[in-house]
Structure formats: structure tokens, C-alpha cells
Amino acid sequence: MIVIDLKEVYGEMAKLIELPQYIEKILKLAGEGYEVILTGAAPVWLYLRAAHALHGKAAKLYYRSPVTGDLLIFDHSPF
């Protein structure tokens, strides 16, 4: 399982103009066909775009927060 902390992806302040670079980094970290967890302090637009980019790349995608725990976003695994 691969955990991606979105705060670590964008650093100090998320900038919409840098979204293509963030997505490139997220895709590289996620690899292909793995279970991925998105977590960390980040704007909603970054979470939404990351989830969209990972659709078709990740077998399963989860959102993790202290409030919700792990929340399944999608499951495309063959099992």
C-alpha cells in the first residue's frame, strides 16, 4: 500500500498554477496498479484532481484522515 501525503507533494503553499507538476509527482509516487492512500492537509481541488488522475492507475484509492480513518474512494482490483 502506498501512502501519499499531499502536503509533502506541494510543500509550503499549494498553487493552482503548479497543479500539473503536483499530478506528475503523485502519479510517479503511486506507480501502477497499487493500493493508494491520499492523506495530509491539502486543498479540496488537489484531492479531487489527484483522485481523478489515479483513476485507472491505482487498483484501490483511499482517503485517510484522523476523523474518517481510511475511506474507500474506488476499488478496481480484480479480487
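The following legends describe close-up views of a predicted model. In this predicted model, local features need pLDDT of at least 70 and side-chain atom pairs count only at pLDDT 80 or more, while totals for chains, interfaces and linings use all residues. Residues are numbered from 1 along each chain as its sequence is written, and side-chain values use heavy atoms, with hydrogens and water left out.

**View 1. The nonpolar core.**
The largest nonpolar core contains 20 residues. A nonpolar core is a set of buried Ala, Val, Leu, Ile, Met, Phe, Trp, Tyr and Cys residues joined through side-chain atoms within 4.5 Å. Buried denotes under 20% relative accessible area, exposed over 50%, and partly exposed in between (1.4 Å probe, protein chains only). Ile 4, Leu 6, Ile 26, Val 36, Leu 38 and Leu 54 have the most contacts inside this core. At least two core residues come from each of helix H1 (6-10), H2, E2 and H3, and H3 provides the largest share, six residues. Helices (H or I, at least four residues) and strands (E, at least two) are DSSP runs, numbered from the N terminus. In soluble globular proteins, nonpolar side chains tend to be buried together.

**View 2. The surroundings of Ile 4 and Thr 39.**
Leaving aside neighbours within four places in sequence, Ile 4 is in contact (heavy atoms within 4.5 Å) with Val 9, Ile 26, Leu 29, Ala 30, Val 36, Ile 37, Leu 38 and Thr 39. Thr 39 belongs to strand E2 and counts as buried, at 15% relative accessibility. A polar atom of the Thr 39 side chain lies 2.9 Å from the backbone oxygen of Arg 64.

**View 3. Helix H2 and its two faces.**
H2 has 12 residues and spans 16 Å from its first C-alpha to its last, close to the 16 Å expected at 1.5 Å a residue. The expected span is 1.5 Å times one less than the number of residues in the helix. Leu 19, Tyr 22, Ile 23, Ile 26 and Ala 30 are the buried residues of H2. Down the helix axis they fall within an arc of 95°, so they line one face of H2; the arc is that of the directions from the helix axis to the C-beta atoms. The face turned away from this buried side carries the exposed residues Pro 20, Glu 24 and Lys 28. The cover over the buried residues of H2 includes strand E1 (2-5), H1, E2 and H3. Just after H2, Gly 31 adopts a positive phi of about 70°.

The buried residues in H3 are Leu 46, Tyr 47, Ala 50, Ala 51, Ala 53 and Leu 54. These residues cover an arc of only 165° around the axis, which puts them on the same side of H3. Val 44, Leu 48 and His 52 are exposed on the other side of H3. H1, H2, E2, E3 and E4 are the elements against which the buried residues of H3 pack. Gly 56 follows H3 and has a positive phi, near 90°.

**View 4. Salt bridges.**
The whole structure holds four salt bridges, each defined as a side-chain nitrogen of Lys or Arg within 4 Å of a carboxyl oxygen of Asp or Glu. Lys 57 pairs with Glu 32 in one of them, with the closest N and O atoms 3.9 Å apart. Lys 57 lies in the loop between helix H3 (44-54) and strand E3 (60-65), and Glu 32 in the loop between helix H2 (19-30) and strand E2 (35-39), so this pair ties together parts that are 25 residues apart in sequence. Lys 57 is partly exposed, at 36% relative accessibility, and Glu 32 is exposed, at 52%. Another salt bridge joins Arg 64 and Asp 70, with the closest N and O atoms 2.6 Å apart. Salt bridges that share partners join Glu 35, Lys 60 and Asp 75 into one network.

Asp 75 and Lys 60 meet through their side chains in a salt bridge (3.9 Å, N to O). This pair links distant parts of the chain, with Asp 75 in strand E4 (residues 69-75) and Lys 60 in strand E3, 15 residues apart. Lys 60 is buried, with a relative accessible area of 18%, whereas Asp 75 is partly exposed, with 36%. Leaving aside its neighbours within four places in sequence, Ser 77 is in contact with Ala 59 and Lys 60.

Technical notes:
Polar contact = N/O pair within 3.5 Å; in protein donor to acceptor, adjacent residues only side chain to side chain.
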